[in-house]
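Student: I would like to go through the terms used for this structure. Please set each value against its definition.

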Amino acid sequence: MTTTVYTRVESPLGELLLVGEMVADGPDAAGVAGVRLCSLSMPGQKGGAVVQDGWRHAPEAFAEVARQLEAYFAGRSTRFDVPLAEGAGTEFQRRVWAALESIPYGSTVSYGEVSARVGASGAGVRAVGTAIGRNPLLVVRPCHRVIGADGALRGYAGGLERKKLLLGIEGGAG
C-alpha cells in the first residue's frame, strides 16, 4: 500500500512542491520509509500538482531530494539520484521522458533531436513537445534542456524565465 506525501522547499525558482509515494518496503538507512518522487512542480506551473485531501505532509521523507536540489541550485551537483515513481504517463511519454534524462548537464538539444531519439519525426515533433510539457518532474527530469531548433527558448511549463535561470545555473544557453 502506498500513501501520498508532500512537502514544499524553497528554491531560486520559488517554492517547489514535492509529491511522492511512500512505499511499504521499510525504512531506509536513515530510518525513514522510502519515498518515490511523483512530481516536482513550481508556483504558477501549467499542469502543476496541487495538494489533495488525504495527502500527508512529510518533509522528512524528502530530506534527500531537498539536499540534492539545494546542491544542484548551488552548482555543486550536476545530476539527481532519487527514486522515481513508476507508471506515470503513457508509453510514448515515458520514452520521451527517458530521452530527456539522457541530455547531459549543461547541454541543450532541440525538440527535433528529441523526436529523432524517440523515432517520432515530422509531425511527431508536436507530440514530443506535448509529452515534454506533461513532464511531472521539472528540474529532476531536465525538460529545460530542450530548446527550439533556432536556439530560442520555447515552451516550459514553469515559464521561460525559470527555464532561462535553470540553463544559466548549468552554464548552457539562456
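Tutor: Start with residue classes: Ala, Val, Leu, Ile, Met, Phe, Trp, Tyr, Cys and Pro count as nonpolar, Asp, Glu, Lys and Arg as charged, and the others, Gly among them, as polar. By these classes the lining of the largest pocket divides into six nonpolar, nine polar and two charged residues. The model is predicted: local features need pLDDT of at least 70, side-chain atom pairs count only at pLDDT 80 or more, and totals for chains, interfaces and linings use all residues. Side-chain values use heavy atoms, without hydrogens and water, and residues are numbered from 1 along each chain as its sequence is written.

Student: Why is Val 109 called buried?

Tutor: Buried means under 20% relative accessible area, exposed over 50%, partly exposed in between (1.4 Å probe, protein chains only). Val 109 has 6%, so Val 109 is buried.

Student: What makes residues count as touching Val 109?

Tutor: Contact means heavy atoms within 4.5 Å. Not counting residues up to four places away in sequence, Val 109 touches Ile 103, Val 114, Arg 117, Arg 145, Val 146 and Ile 147.

Student: Which classes line the largest cavity?

Tutor: Five residues are nonpolar, two are polar and none is charged. The lining includes Ile 132, Leu 138 and Tyr 156.

Notes:
1 Å grid on protein atoms, 1.4 Å probe; cavity = no way out; pocket = protein on both sides within 12 Å on 5 of 7 lines; lining within 4 Å.
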